[in-house]
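Hi,

Here is the structure I promised to pass on to you.

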Amino acid sequence: MNPKTDRIQNLLEFIDQSPTPFHAVREMTDTLSSKGFIELKETEAWKLVPEGRYFLTRNDSSLIAFAVGSKPGFKIIGAHTDSPNLRLKPQAGYTKSGYQQLGVEVYGGVLLSTWTDRDLSLAGRVILGGKKKPQLIRFEQPLLRIPQLAIHLNRDVNKKGLLLNEQNHLPPIFSLQKKSTPDAILKKMVAQKLKCRPADILEMELSLYDTQPGAVAGAEGEFIFSGRLDNLASCHSALHALAESTKKDPATRVIAFYDHEEVGSETAQGAGSPFLKDVLERISLTEANSREEYFRALAKSFFISADMAHAVHPNYSDMHDGQHMPIINGGPVIKSNAGQCYATEGVSSAWFESLCKKAKVPVQKFVVRSDLGCGSTIGPITAANLGIRTIDVGNPMLSMHSIREMSGTKDHEFLIRVFKEYFKP
Ligand code: ZN
């Protein structure tokens, strides 16, 4: 009756420990280090050994790891480390109607109403003076709340929906204290947690997150309820597939996890950056010292863009195309779009289907309704950047971009199995 496997437990813990991309990358580099992967620095010369396993990060929020193969060619899985959320403004604090509040910006396509009436807290990265490294911070206790207006003061809310103005209605309530300003209180709390002086803090990059831990749910434990399943669940699947694929493979196996997908990817560490291109070229050059070999390797390579997919919602089933209705625990979804919002084409789709067959995993297909706009992923961006054959796939989920999303326990196992099959020689 309890299918709460170690793997799902491990996924839930990973997501709970990863309220921000900085935390997700640190969790994953810790896992990679524990599995024998060696850290590389972009600023240093690389000496790679055959079958060596390495990783590197950019801005502490994007991560690439790889296992060196014996011949030119890369098998790559890409995903993203960021999720839509609310971020503190640089000078966040102010007082209004007796309450201390913190101003926030909307990061990515947040389903705003889901952030109300939750037990929220803060996490992120703090830049300290002197030669100290940036520090990660996460307050575990609830500190903040965005209270909804009582129904008595908003009588039409159930008929008209909850309309939230980003500037006026999202700043959370932080305190009732009168002796100090909210910015000073926050700085003092951060300093206490990092064991430094408030004056040492130069910058804070803090985001709000939901303190409720993820859970296995449903009558038979079929479901996962958690924040940030999009897209930490895909990162988790690919990371474990790479870490557990220890057989020699002629191809170099790579995972590339980017920050900033939710805001368009055009940053120094996003999928639109040369991060992956640089790493692949450096791998080729350290192996063969030939640029031609790099281009030959790219021509033999394959990129799986892994990002969550829209499962059909039983209460809104007409929002899906009738022939393309992925269900939770029905297996990974191949996403395609005539307008190339997804990078999938016929050859890559057929190849992925046969990979699923080999792994004994069911597979589903998604195309958006013809009268609706299509979402996108890092797939087309990477395909355009590298010219590598690419496919867009991902596990089906509901409540995408809600503070608490929903996916399937079986699907997570399925995806790891397919990725492990991919990383087999
Ligand atoms: Zn996503």
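The C-alpha centres of domain 1 and domain 2 are 31 Å apart. Please keep in mind that this is a predicted model. In the domain assignment of the protein chain, domain 1 is made of 3-83 + 227-422, while domain 2 covers 85-210.

**Between the domains**

How many residues of each domain are in contact with the other? The contact involves 23 residues of domain 1 and 22 residues of domain 2. Together the two domains bury an area of about 1700 Å², and carbon and sulfur atoms give 57% of that area. The count of residue pairs in polar contact between domain 1 and domain 2 is 10, both residues being at pLDDT 80 or more. On the domain 1 side that touches domain 2, helix H2 (residues 21-34) gives the most, with 4 residues. By class, that side of domain 1 has 9 charged, 8 polar and 6 nonpolar residues.

The rule finds 1 salt bridge across the interface of domain 1 and domain 2. As for Arg-125 and Asp-60, their side chains meet in a salt bridge with an N to O distance of 3.0 Å.

**Ser-207**

Ser-207 sits in strand E10 (residues 201-210). With a relative accessible area of 5%, Ser-207 counts as buried, because that value falls under the 20% limit. Leaving aside neighbours within four places in sequence, Ser-207 is in contact with Thr-20, Asn-85, Leu-86, Arg-87, Ser-121, Leu-122 and Ala-123. With one of these, Arg-87, there is a polar contact between the two side chains, at 3.4 Å. Ser-207 and Arg-138 are 69 residues apart along the chain, and their C-alpha atoms are separated by 9.6 Å.

**Helix H9 and what follows**

Which residues of helix H9 (residues 378-386) are buried? They are Ile-378, Gly-379, Pro-380, Thr-382 and Leu-386. The cover over these buried residues includes strands E4 (74-80), E13 (252-258), E14 (302-306) and E18 (389-394), along with helices H6 (275-288) and H7 (291-299). At the start of H9, a side-chain oxygen of Thr-377 comes to within 2.9 Å of the backbone nitrogen of Gly-379. Just after H9, Gly-387 has a positive phi of about 70°.

Strand E18 contains Thr-390. Is Thr-390 buried or exposed? Thr-390 is buried, its relative accessible area being 3%. A polar atom of the Thr-390 side chain lies 2.8 Å from the backbone oxygen of Ile-388. Not counting residues up to four places away in sequence, Thr-390 touches Phe-303, Ser-305, Ala-343, Thr-344, Glu-345, Ser-348, Gly-379 and Ala-383. Gly-379 is also on the list of buried residues in H9.

**Salt bridges**

The structure holds 19 salt bridges.

- Arg-389 pairs with Glu-345, the closest N and O atoms being 3.0 Å apart. This pair links distant parts of the chain, 44 residues apart: Arg-389 is in strand E18, and Glu-345 is in the loop between strand E16 (333-335) and helix H8 (346-358). Arg-389 is partly exposed, with a relative accessible area of 38%, and Glu-345 is partly exposed at 28%.
- Lys-365 and Glu-353 meet through their side chains in a salt bridge of 3.0 Å, N to O. Here too distant parts of the chain are linked, 12 residues apart, with Lys-365 in strand E17 (residues 364-366) and Glu-353 in helix H8. The relative accessible area is 41% for Lys-365, which is partly exposed, and 31% for Glu-353, which is also partly exposed.
- Asp-371 forms a salt bridge with Arg-369, with the closest N and O atoms 2.8 Å apart. Asp-371 is exposed because its relative accessible area of 55% is over 50%, whereas Arg-369 is partly exposed at 26%.
- Arg-7, Glu-244 and Lys-420 are joined in a network of salt bridges.

Note on methods:
Residues are numbered from 1 along each chain as its sequence is written. Side-chain values use heavy atoms; hydrogens and water are left out. Domain bounds come from an automatic or database domain assignment. Contact means heavy atoms within 4.5 Å. Buried area is the accessible area (1.4 Å probe) that two parts lose on being put together, summed over both. A salt bridge is a side-chain nitrogen of Lys or Arg within 4 Å of a carboxyl oxygen of Asp or Glu. A polar contact is a pair of N or O atoms within 3.5 Å; within protein, one must be able to donate a hydrogen and the other to accept it, and residues adjacent in sequence count only if both atoms are side-chain atoms. Helices (H or I, at least four residues) and strands (E, at least two) are DSSP runs, numbered from the N terminus. Ala, Val, Leu, Ile, Met, Phe, Trp, Tyr, Cys and Pro count as nonpolar, Asp, Glu, Lys and Arg as charged, and the others, Gly among them, as polar. Buried means under 20% relative accessible area, exposed over 50%, partly exposed in between (1.4 Å probe, protein chains only).
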